[in-house]
Amino acid sequence: MYNLYLKIASRFLLKNKLYSFINIMGLSVGIASFVLIMMYVANERNYDKFNGSENVYRVYMDYLEGNTFSPGDAQSYNLSGPTLKKEFPEIKEYVRFFHLQKTTFINENEVFEGNKGAIVDPSFFSVFDYPLVKGDVKDALAAPNSIVLQENLAEKIFGKESPIGKTLSIFWKGETTVTVTGILKDIPKNTHIKNNFLVSFETLKTWKAIPRQYEPNWSQNNFFTYIKVNKNTDIDALQQKIIKTNFEDDLDERHNIESLESIHLNSNKPYEAEANGSESRVKFLLAIAFIILILSWLNYVNLATTKSLERAKEIGIRKVSGAQRPQLIFQSLLESVLINCIAIVIATIVVVFTLPFFNSYTGEDLIVNSAVVLGLLPYLGFIFLGTVLSGLYPAIILSGYSPVVALKGKVRASSNGLNIRKGLIITQFFATIVLLIGTIVVAKQIKFLENQPIGANLDHVVAFNWEVLSKSKDSVLKRDNKLFESELRKLPYVKNVVSAETYPGGGYDNLSSTVGITFPNGTVDENRIFYTYNVSPGYFNLLDMEFVAGSSFLETAKRSSNKIVINEKMAKHMQIANLAEAVDETVKFWGEDWVISGVIKDYHHFGLKTAIEPILIRHYEDKNNLLVKFDKSVTSVAGFGTVLKKVENIWDNAYAQNVFNYTFLDKEFQSQYNEDKNFGSAFLIFTVLAILIASMGLFGLTSYTVVQRRKEIGVRKVNGANIVNILATLNKDFVKWITLAFIVAVPISWFTMLKWLEGFAYRTAISWWVFAVAGCTALVIALLTVSWQSLKAALANPVDALKDE
Amino acid sequence: MLLELNNIYKWVQSGGQKIFLLKDINLKVEEGEFISIMGPSGSGKSTLLNIIGMLDVFNEGEYNFLDEPVHSLKEKHRSNLYKQYIGFVFQAYHLLDELTVYENLEMPLLYKKYSSSERKALVADMLDKFNIVGKQNLFPSQLSGGQQQLVGIARALISSPKLILADEPTGNLNSKQGEEIMEIFKELNKDGVTIVQVTHSEKNATYGSRTINLLDGRKI
Ligand SMILES: Nc1ncnc2c1ncn2[C@@H]1O[C@H](COP(=O)(O)OP(=O)(O)OP(=O)(O)O)[C@@H](O)[C@H]1O
Ligand SMILES: [Mg+2]
């Protein structure tokens, strides 16, 4: 019997190819999108999960701003961990990380760049449950100059041979030598602190490039500190105790803790280990996933119900042959399960094949493995439930036809669930319009961020930085920055060269900070964090930063002075009303006096997601970056590639071995919006898919309603209606429905997107045209879809329609 | 006695007023009878046949089928009665387009309790009896009207009902095909099957043992 049901169902699907195609495609696209988004969401939500991770917390610093504390720094002091452990017995263990970004290794003259790692306490392995493939967790990180490599890095450096006991040169602002003592099993990529190597804490004692970090102190907070608490610790109570305790005799800051697992989606503090994800983004995507899936089911319900009108005769015959309602419902359900199963199979194939594109488009690194599949199983249950529910409605409608009526072929669209179908279409368009408005607002905001003047000109500016790995090569250049500069200036297209510690868009890396500053008027501010960095005098000119008072530093033979340049915001903080008066005033921080030589207009150092911060720019020729301004003709005439090659040659001539990096400042600044752009891309993809599904449904639906109204159209035409009249008759309902959907969608999406925009300090307006564009797009798409069918009907010869009755 | 209709009325409500489709119908059908119902179009023939076949309900009156009071039976019970004793033949054949001849014949058996081997045997029997073994794997659209109606009758007969109800079974056929169908009915009737047919043709009516005439929903 089930065999026969399946046979009937499959023959029905084969016979009604358009119907089957639309249904299966709609469902496949819906399920595939749902699965993709769920994989993404699961990946985001599973950050930093390992055995025992629920008992791990990160220690961070709150700073007093006004009267309230707010998160000020993701990193804490090297004393924080040991002190907390000593103070609170519920803390079992702590581990400190000194982050080493962009680290280079040399093994027998082979260079391996771009590694991320950390200097950590030996207790690392008792806090983080990361197993060692080789070596012993008890002493791998005990001795100074020990290093533990992640499997893939070890293999890259040493190949197949065992690296244990081998030595390596490691460069991070200077060289040191380490011995491999362990191999770490590859760590899953979804962790907020990605390390492919670990160096023992004792190494800090002798590492010259990293001074002042080893000795216990309350002045350098450059450590990520993680604590592991005992099971069943009352974490709120512990947090209260930590907040209330003043360890370092400083009332303007305090220690605080947050759960390790929550960091990736919920923490966005200065000095994070990496740009974190965002809970609200995940929620948005989740909502989109469900909307798309439900849209595709609504489609199915709609099409199946409409199609059921055509199948009334079949139902009549079956009933006359003795079928009872449950049997008919069962059969109809079987059909929808069949369709959904085909769709699930297609969706799976689609997911597997589109995953690489999805990954490259969204910058994610999702994979399909047994764990992922297992994690998706509950959703499969949800999909199955939706399948049954979406199959049930048409099944009930279908099986409810009276055989007498059904056999007469008198079941009409108007009599069965027309209102429900209308409702479904309105819901579909409502969702579509909401998604459209969302897409437009996100795109508009990103465009806004990109086009907003930032108070500095980053065009055609390239930052060069490098690490000298061996100095053996004889050269006129030696290690002198000034000579590099003049050498670079000789290159064609180079307009200006200046050294600087960082630049707008450089993020928190390379930015120093001070809490505690004395203003010229004698006020002491110990509450707020102030950011500061070093530049050479030509910096402001090179980046076209405008002075509102005073001027840049004077070139001096010493290449540094106690002069600083501040921004307007800083001046305002210092309560200097007349900016001209700020010049030559003295500011105290870090125990030194600094003389203001000029005030620049506010510029965006961090991108437009955050408000402008007060900034102090110090005079010091830092070798961290060489900023080179090129003439704008470089792109059109020579091309950046050849010029950059020449710059690299200058380095290669100077040093036998070096690691040479460059960054385009404008690109790096824009890259602060990468996450938002990826979000926008994902939003766009899924909106297009949603529209596709909705239009497929509409297309399918009209192809049937038009068939049903063939006779009506024929009669109208015979009675003198022209094509325009007919089109108007057929389309005016859709216009009405879309208008209704639009009216509901506007306030909801307006409110939602307003909430989303709150995540940005600088935001675009949600103009009226956003709604107009979304509404019109939906309308045009709907009318095009519908008219394709209506036009065919309107053009048909009425005689054909009327003669078969 | 097979069935008995007493004072059957059927009406529909239209614009606040009752439109009578059947008025005061009394009818007794004995087992083994072959009855023809005649009357002008719209006189209520199909309505009456559907009521006899329990596909449609009536508003007033009594209907006893094999001494069971159909008017007071529960839906489930009625449907069991129907399944067991009644077969329908339609003017428009009403075969399922997606199924082959074989599957069309098998279909009613699926809704009754037959094992798969019993089904095979019954279908094979019918195919044989109606000489359509060669057509068993064809779909209805590949058959002529007469052949389709043969399948329709075979399907109605497959679970050996006591009563065959046929609504203008030859209406869509040419006269030669129509004659063949009527011959088959005659044969069936000889074998003891009770037949009630609706027809417009005087000639077809003569195959029956008795004719009932309807006019405006009333027996005359
Ligand atoms: N649901 C209904 N609502 C209103 N009128 C109905 C309904 N069903 C049937 N009728 C009317 O009842 C009358 C009898 O219909 P019926 O189909 O029984 O006629 P018939 O004798 O079989 O005619 P024909 O020879 O054309 O098949 C007709 O006038 C028809 O319009
Ligand atoms: Mg009739």
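Reply: Glu4(B) has a relative accessibility of 15% and therefore counts as buried, the cut-off being under 20%. In this predicted model, the side chain of Glu4(B) meets that of Lys28(B) in a salt bridge, with an N to O distance of 3.6 Å. Glu4(B) belongs to strand β1 (residues 3–14) of chain B and Lys28(B) to strand β2 (residues 17–29) of chain B, so the pair ties together parts that are 24 residues apart in sequence. Lys28(B), at 45% relative accessibility, counts as partly exposed.

Lys7(A) forms a salt bridge with Glu103(B), and the closest N and O atoms are 2.9 Å apart. This pair crosses between chains: Lys7(A) is in helix α1 (residues 2–15) of chain A, and Glu103(B) is in helix α3 (residues 101–110) of chain B.

With a relative accessible area of 13%, Glu106(B) is buried. Neighbours within four places in sequence being left aside, Glu106(B) is in contact with Leu4(A), Arg119(B) and Val123(B).

Within chain A, the side chains of Lys166(A) and Glu161(A) meet in a salt bridge, at 3.1 Å from N to O. Here the lysine is partly exposed, Lys166(A) having a relative accessible area of 29%. Glu161(A) is likewise partly exposed, with a relative accessible area of 48%. Both residue numbers fall in the stretch 20–243 of chain A, which, together with residues 429–607, the unreviewed UniProt entry places under "domain: MacB-like periplasmic core". Over residues 20–243 of chain A the chain is 25% helix and 34% strand, and the end C-alpha atoms lie 62 Å apart.

Chain A also contains a network of salt bridges, which links Arg58(A), Glu258(A), Lys269(A) and Glu272(A). Over all chains, the structure holds 33 salt bridges.

Technical notes: Residues numbered from 1 in each chain as written. Chains lettered and ligands numbered in written order. Predicted model: local features only at pLDDT ≥ 70, side-chain atom pairs only at ≥ 80, totals over all residues. Heavy atoms only, no water. UniProt positions renumbered as here; feature names shortened; annotations may be inferred. Helix = DSSP H or I, 4+ residues; strand = E, 2+ residues; numbered from the N terminus. Salt bridge = Lys/Arg side-chain N within 4 Å of Asp/Glu carboxyl O. Buried < 20%, exposed > 50% of the residue type's maximum accessible area, 1.4 Å probe, protein only. Contact = heavy atoms within 4.5 Å.
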